[in-house]
Amino acid sequence: MTPSYDVVLVGGGGAGLRAAIAIAETNPRLTIAVVSKVYPMRSHTVSAEGGAAGVIAPDDSIDEHIYDTISGGDWLCDQDAVEAFVHEAPQELMRLEHWGCPWSREPDGRVAVRPFGGMKKMRTWFAADKTGFHMLHTLFQTSLKYGGVTRYDEWFVTRLLVDDGRVQGVVAIDLKSGRVEAITAKAVILCTGGCGKVFPFTTNAAIKTGDGMTLAYRAGAPLKDMEFVQYHPTGLPFTGILITEAARAEGGYLINKDGYRYLQDYNLGTPQPHPVFRSMELGPRDRLSQAFVKEMEKGRTIETPYGHVVHLDLRHLGEKKINAKIPFVRELCTKYQNLDPVRDLIPVRPVVHYMMGGIHTDIHGATPLPGLFAAGEAACVSINGANRLGSNSLPELLVFGARAGRAAAEYASQAREVDPRVIAQKTDEHRRLEQELFGRKGRERIATLRDEMQKTMEASAGIYRAAPALRQGVAELQRLQERYADIAIEDHSRTFNTERVSALELSFLLDVAQSMLAAALAREESRGAHQRTDFPKRDDQRFLAHSLVSRNADGSCRVEHRPVTITRWPPGERVYGEAAPHGTAHQAADRPLSSGAGV
Amino acid sequence: MAQRIRLQIARYRPEQESEATFDEYEVPYTKEMAVLDGLNFVKDRLDGTLAYRWSCRMGICGSCGMTVNGEPKLTCATFLGDYAPGPLRVEPLRNFPVIRDLIVDIGDFMRKLVRVKPWIVRSAEKPIAGGEYLQTPEQLEEYKPFSMCINCMLCYSACPIYGLDPKFIGPAAIALAQRYNLDNRDEGSADRMEVLSEHEGIWGCTFVGECTKVCPKHVDPAGAIQRYKLTAAIDSMKAFFAPRGA
Amino acid sequence: MEQTHTYGDTPYHPRWLRRRVSTYWWLWKPAYLRFILREGSCMFVGWFTVYLLLLLAALLEGPLAYELFLAWSATPAVLIVNVVTLGFVVFHAITFFQAAPQAMVVRLGRARVAPQTVLLGHYAGWVVVSAVVAFFLLGA
Amino acid sequence: MLRRHPEPLLWMLFSAGGVVSGMLMPVLVLLFGVAYPLGVVDAPTYDGLRALVANPIAALVLFTLCALSFLHWAHRFRHTLYDGLQIKHLNEVIAVVSYGVALVGSGVAAYLLWQLS
């Protein structure tokens, strides 16, 4: 008996759970399945640290948040989407408050906000520095009260069921038993998150392998703006563990090997003792990561066994503030780096953090493929453009998770019943998995191919790119795809076969990686996180446009461009530092830049 | 520079064997390498069939709990160098059925969690437009420690009572119930009391206290249970002396 | 109890490995042993309560019975048992007081009293009570 | 509620017994069990001790100590048998015997103290 639902969600992280609740609340009669390769509370939303942006402070305005987001994204954002996002973000964060999220508070009991990179006002809600953790657990625990939700924990989706031009479910492996099953649905929402694992050095969890992106891509939905990869400027060397931007928002300094706050040399303002909005350490992530590379070229970084680093200096903040505002930073440093930020400098280097690109969707989370929706990091709506601002991704997954949920609920309420013939595809998929993949006695190790792919991506699509390296990368990925056909799987057990999962994940990663290089090669300009040394200028004439990568029948990529939606904010120049559209800081504001007594 | 350490890893292949066995591997390590990195080395280079869970490797997703030299640990935050010269024994978490190698089934916890209603219960919902429920930093601090649970299951693994009586609701679920009971926005403590005051609820606990000791997030489930016993006992006394007052 | 949430997984799988906890689990590690010793201390609490009842019974019986009781209490076997008892009741007192701050949240006004303060309060009470008891008994 | 679950009451008595015995017993064991028998200090005279226990406050303290200590013992003993020896199937028998012994012991204490007053 094939289980059948109105809506199937793939992924049980922040976006997936928010979507599930939205569907249950829109129409309690709809049946919902949440299919995830991990238990929901293991999802990568859990790792988000710094906070979630939403206009709430009396001196803030919707328009300012919109402007910060659009300029931060180097005008590649769809402005209608950003407007919807900024309007709905505070309500979504408030809803989470009502569901019990332990937001940090002001002494009078109101929700506290903190400054964040690229933002001109204090608008980042936070739960100390485990914001993603608290949001995810709040959503997960709240989702437990809805009767219409059936969870498929530790089921790995291998393909979408598409028939008659519409998506009608998924095929998945139940990892515990190894069974391959079809789960049919009138609508499918992909909320599988990003794909940081295409790179060797990333803050992303092991599970971030672009599954949903590739599922959609293979089913015929295009991927959008895949060339935009966010490097977070402060990752711990060796592990890649993220040191949240909140550390800089609370007043941390970035210094080079001479103890010099080098960001002042890169058009990011002049150093002040206290943090200044949109200036220095509170500049956007793309610019800070690029400054690091320049600084390294000048020989002013520190060499370590795990690459060049600069230092993040929190010592002047004092133990009390560190414990109150960024306790997790201290915990991570002590546990994983064997140093105490109260006394020691933290070595940091840029680390792959977030995909601005993803499955192409409209403002309601709908993809061009009927019945298929996407939300969260897996999707590209797009509100992040060429560079996402810190603390926009958490409200994004709430706003667009809810929107995709509502849209899918509406679609499912009106859609035709699932065509029973679609279930036959399960047999095809089962055969493909058993014969083409699991049954094969190949010679290539999964880990070797993965390592080579990651090295290729870092070499060709790092912080700075150029055509020759990109072309070389494309060719190398093509070779890796061929070698993948000769992959070796030693594990023939059906029970919790993690080697098979790794093999499937690698194949997803390879497809995503190809789309990224294709899009990066086609964009002959520099914008936001995409910096071409051979095309160092932004080119609005040709590239004020999203790139859409589609898959050809032979597995190759086809790139097209489509115009960005501009409503009220014509493309301008991104200015940070003193010249930034104002909002000074600390001294000017009548309360300290960092608010909130709560932790 | 890299030294080597021997890992004795528990294996259980349900299709081939009916008991767990140990396989031994030797891995190189540096001082930065966690036990999890050692397992990844084995899986990537030596034996692809080894099965275990992991994800964030920064101590927050709760996937990689295992028994390391007899103690329940998050393997991403337990370092190989601390066990030199080895050998180091890695086994699945105790007190749970083993599905395969180092992977245990936690379905029991997932079902128990639902029973304690870990969500805000209110008789009347405030509209979103009405803004937030006020909560001072002191009120936040009342329940915040109990909200830090990452569901890693180390506490269940350390709890002999759970091992002896699988019906016992157990440390994490009770701590999470207490997390909501102590939240000033919540009105559901009477609902939760029904589940928790069963024998398999709080009264099964004899306060071994190991759950609190092994918790990587300093949640103090043992304290939660003890505090809950006191509350439940006082409530029950009140109900006895003023039966109609309740 | 309403069932709110459902699962797509099988709750029980015959091939899963289930291991019974050994009867001697409390020998597995020092912390468990300490636990069982702590619980075992109740036997000594019980024994000494009986000992007190024997003392009271002797008192009720008369001076001679009281002398016999004192003589019996000095026999090696009883003495050894009571030395061990002393160790256990002190262990009991310490472990019981240590647990107190975890169970009780004491407040002064709105502020929560630090757990260490609660613990110190218990120890202070212990000293005072012991001193009072000793004062009366040594005076009697 | 109480009728359905005697556990809260039993736990309260157990805890009270733990505190009272923790506070009083070490000094009593030290004096009556070790110091007097070893002659480190002189044991109280018959008349002195008899006068002391005849005091209503002392009698009350002693009764409380005995009764709660017995209940403390009974509760812990019962749970230790469950956890330590895994003989849960004898659950009810053990409970009846333990708390029964505690009640009888408390009765004896009450009788003796009453007679001595």
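This is a predicted model: local features need pLDDT of at least 70, side-chain atom pairs count only at pLDDT 80 or more; totals for chains, interfaces and linings use all residues.
What area is buried between chain A and chain B, and what part of that area do carbon and sulfur atoms give?

View 1. Residues are numbered from 1 along each chain as its sequence is written, chains are lettered from A and ligands numbered from 1 in the order in which they are written, and side-chain values use heavy atoms, without hydrogens and water. About 5700 Å² is buried between chain A and chain B, 55% of it from carbon and sulfur atoms; buried area is the accessible area (1.4 Å probe) that two parts lose on being put together, summed over both. R42(A), H98(A) and Q141(A) supply 13% of the area that chain A buries against chain B, more than any other three residues.

**View 2. A salt bridge between R100(B) and D491(A).** Their side chains meet at 2.7 Å, N to O. The interface of chain A and chain B has 6 salt bridges (a side-chain nitrogen of Lys or Arg within 4 Å of a carboxyl oxygen of Asp or Glu).

**View 3. Cysteines of chain B.** The whole structure has 0 disulfides (pairs of cysteine sulfur atoms within 2.5 Å). The sulfur of C76(B) is 3.9 Å from that of C64(B), its closest cysteine sulfur, and therefore too far for a bond. C211(B) is in no disulfide, with the nearest cysteine sulfur, in C155(B), 6.3 Å away. C76(B) is buried at 5% relative accessibility, and C211(B) is buried at 8% (buried: under 20% relative accessible area, 1.4 Å probe, protein chains only; exposed: over 50%; partly exposed: in between).
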